[in-house]
Amino acid sequence: MRPRSLRARLTLWYTSLLTLTLLLLGTIAYNLLGYSLARDIDRALQGVAVALSEPPPRGRLPAGAPDVDAIFRRFFEMSPWDRYVERRHPWSDRTPQESPAGTERLPLSPQALNRAAAGLETFTTLEGLGPYPVRVLTHPIGEAGRIASLIQVGMSLESVSVTRHHFLLVMAAVLPLAVLLAGGGGWLLARRALRPVDQMTEAARRISAEHLDERVRTSGTGDELDRLAVTLNDMLGRLDDAFRQMRQFSADASHELQTPLTILQGELEVALRAPRTPDEYRRVLTSALEETARIASLVEGLLLLSRADAGVLRMDHQPVDLARLVTEVCEHIQVLADARGVTLNLEPLTPITIQGDQQHLRRLILNLVDNGIKYTPAGGRVTLALRKAGACAVLRVSDTGIGLAPEEQERIFQRFYRAPAAVSRGEEGSGLGLCIARSIVEAHGGSIQVDSADDHGSVFTVYLPL
Ligand code: ADP
């Protein structure tokens, strides 16, 4: 079963890897130890064999001769025990072959004999001579330029076995201890390293839509967890902004809808309070109709914006003759310009056709020209121009009106924002027109910008890709 906690998983992985590494290292060390001990014994046996074969022995090798023990001691650096020495003359009539008393006869394989005849040494490991295997060297001895005899020296491998056994015992004791220590240390370290994650989880649990101003604690170390905390805080900041905007939007929208509804309700109530003449009723109904039209336009604007926000704005993609559309809108709005004493000016329009939604584009041009007329005092001028620039159609609506302060220029595209100068002029408006204009432009893949200096009019420029 997979442990559910990351800490347990980390510790488990860490401990398993460590155990595997220790086992691997232990196995390598165990084999290396065996190899090097065996090599040492072989070298010592060679030393003993050479020492015993010179000077060339004469007669019998005395039984238990002290020099054998001394020679073994010299090469094995310890008292010899379970040692074997045997001298043989397989190629002469000088039988019997001699061996020191107390040692058993060492077997001589035909292979070792043949190799000795050729002057070669042979190492063999014999089982069954004692409780431990015995390493035997068969060493040829030359006399007067030919191989005359051979000597066999053997040594019990007890020391090798015992040393390897001790090594295994030490490993068996140390390995679990090391794994236990490392596991415990790993568990503590993992707990320390993951504590910030627990704190983040706790903080994230506390944060809800109502408490989006809370933040996760950062350590400032710049490590992975700190970066995660910073990223979470950034995300919370963006969510907080989005929620704030949403709440502001609902409040503004309700407020904007409430005003015409209150007026409508008031007018109707007053009209119903006493009997009225048909003319009076007509006047009240006309006013009610105007308010209803305002509400309908507001609701339509809000709907368009929320659809654009959700990315589901219904758009036709038909060829639209922009120059014709601009002319049409100007003809339509000329009455309003005349009524306000504003001159509507059309510069020569370059004929341009783009792919887009005719209704939305009409609304865009209408909003801009309507604003130009609304925010330009009588005697002023609103000028429209359409030209091609690179891969864009550029529509410019400029006026000689009240203009915009730099800080207002950034805000006029926000929902419901109205510059103080516009409000104090008593102009009707909801503050949605430019926001809708921008949504339409963006839905066509274009952009809109404003240039203005206070009192010197404004210039709205729309770029629409061809
Ligand atoms: P509305 O005109 O209904 O108030 P808009 O979204 O069309 O809403 O415009 C937002 C604000 O931008 C306006 O209230 C006004 O302050 C400012 N504005 C828009 N067009 C112009 C313009 N041509 N000249 C000066 N100010 C403008």
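**Entry 1: Ser-458**

I began with Ser-458, which lies in strand β11, residues 458–465. I was working on a predicted model. Is Ser-458 buried or exposed? Its relative accessibility is 6%, so I put it down as buried; the cut-off for buried is under 20%. Next I looked up what Ser-458 touches, leaving aside neighbours within four places in sequence. I noted Val-397, Ser-398 and Asp-399. I also noted Gly-403 and Leu-404, then Asp-451 and Ser-452.

**Entry 2: a sheet of four strands**

I turned to a sheet. Strands of a sheet pair through backbone hydrogen bonds, either parallel or antiparallel. Which order do the strands of this open sheet have? I read β1-β4-β3-β2, with antiparallel pairing. The edges are β1 (83–88) and β2 (122–126). Each has a single partner strand, so one side of each is left without a neighbour in the sheet. I then looked up the twist, which averages 20° from one strand to the next.

How many bridges join β1 to β4? I found six, and the two strands run antiparallel. Strand β4 covers residues 146–156. I picked out Tyr-84 and looked for its bridge partner in β4, which is Gly-154.

A helix also packs on this sheet: α3, residues 110–117. Helix α3 touches β2, β3 (134–143) and β4. Its direction makes about 135° with that of β4.

**Entry 3: aromatic pairs**

I searched for paired rings. The count came to two aromatic pairs.

I took Tyr-30 and Phe-167 to start. Their ring centres are 6.1 Å apart. Their planes stand at 35°, so I recorded the pair as tilted. Where do the two residues sit? Tyr-30 is in helix α1 (residues 6–53) and Phe-167 in helix α4 (residues 158–206). Tyr-30 is partly exposed at 22%. Phe-167 is also partly exposed, with a relative accessible area of 22%.

Then I looked at Phe-249 and Phe-416. This pair is tilted, with 5.8 Å from centre to centre and 35° between the planes. Phe-249 lies in helix α5 (residues 224–273). Phe-416 lies in the loop between α9 (406–411) and α10 (420–424). The two are 167 residues apart in sequence, so the pair ties those parts together. Phe-416 has 12% relative accessibility, so I listed it as buried.

**Entry 4: charges over rings**

I returned to Tyr-30 and looked for a charge over its ring. The charged end of Arg-164 sits there, 4.8 Å from the ring centre. I noted another case at Trp-187. Over its ring sits the charged end of Arg-7, 4.8 Å from the centre.

**Entry 5: salt bridges**

How many salt bridges does the whole structure hold? My search gave twelve. I followed up some of them.

I opened with Asp-42 and Arg-135. Their closest N and O atoms are 2.7 Å apart. Asp-42 is in helix α1 and Arg-135 in strand β3, 93 residues apart, and the pair links distant parts of the chain.

Next came Arg-88 and Glu-86. They form a salt bridge with closest N and O atoms 3.4 Å apart. Arg-88 has a relative accessible area of 7%, so it counts as buried. Glu-86 is at 1%, so it counts as buried too.

Then I checked Glu-300 and Arg-363. The closest N and O atoms of this salt bridge are 3.1 Å apart. Glu-300 lies in helix α6 (residues 278–310), and Arg-363 in helix α8 (residues 358–374). They are 63 residues apart in sequence, so the pair ties those parts together. I found Glu-300 partly exposed, at 44% relative accessibility. Arg-363 is buried, at 19%.

Which residues does it link by salt bridges? I wrote down Arg-324, Glu-328 and Arg-362.

Key:
Residues are numbered from 1 along each chain as its sequence is written. This is a predicted model: local features need pLDDT of at least 70, side-chain atom pairs count only at pLDDT 80 or more; totals for chains, interfaces and linings use all residues. Side-chain values use heavy atoms; hydrogens and water are left out. Two strands pair if DSSP finds at least two bridges between them. Helices (H or I, at least four residues) and strands (E, at least two) are DSSP runs, numbered from the N terminus. Axes are lines fitted to C-alpha atoms, for helices over the stretch in contact, and angles run from 0 to 180 degrees between N-to-C directions. Contact means heavy atoms within 4.5 Å. Buried means under 20% relative accessible area, exposed over 50%, partly exposed in between (1.4 Å probe, protein chains only). Rings of Phe, Tyr and Trp (its six-membered ring) pair if their centres lie within 6.5 Å; planes under 30 degrees apart count as stacked, over 60 as edge-to-face and the rest as tilted. A charge sits over a ring if NZ of Lys or CZ of Arg is within 6 Å of the ring centre and within 35 degrees of the ring normal. A salt bridge is a side-chain nitrogen of Lys or Arg within 4 Å of a carboxyl oxygen of Asp or Glu.
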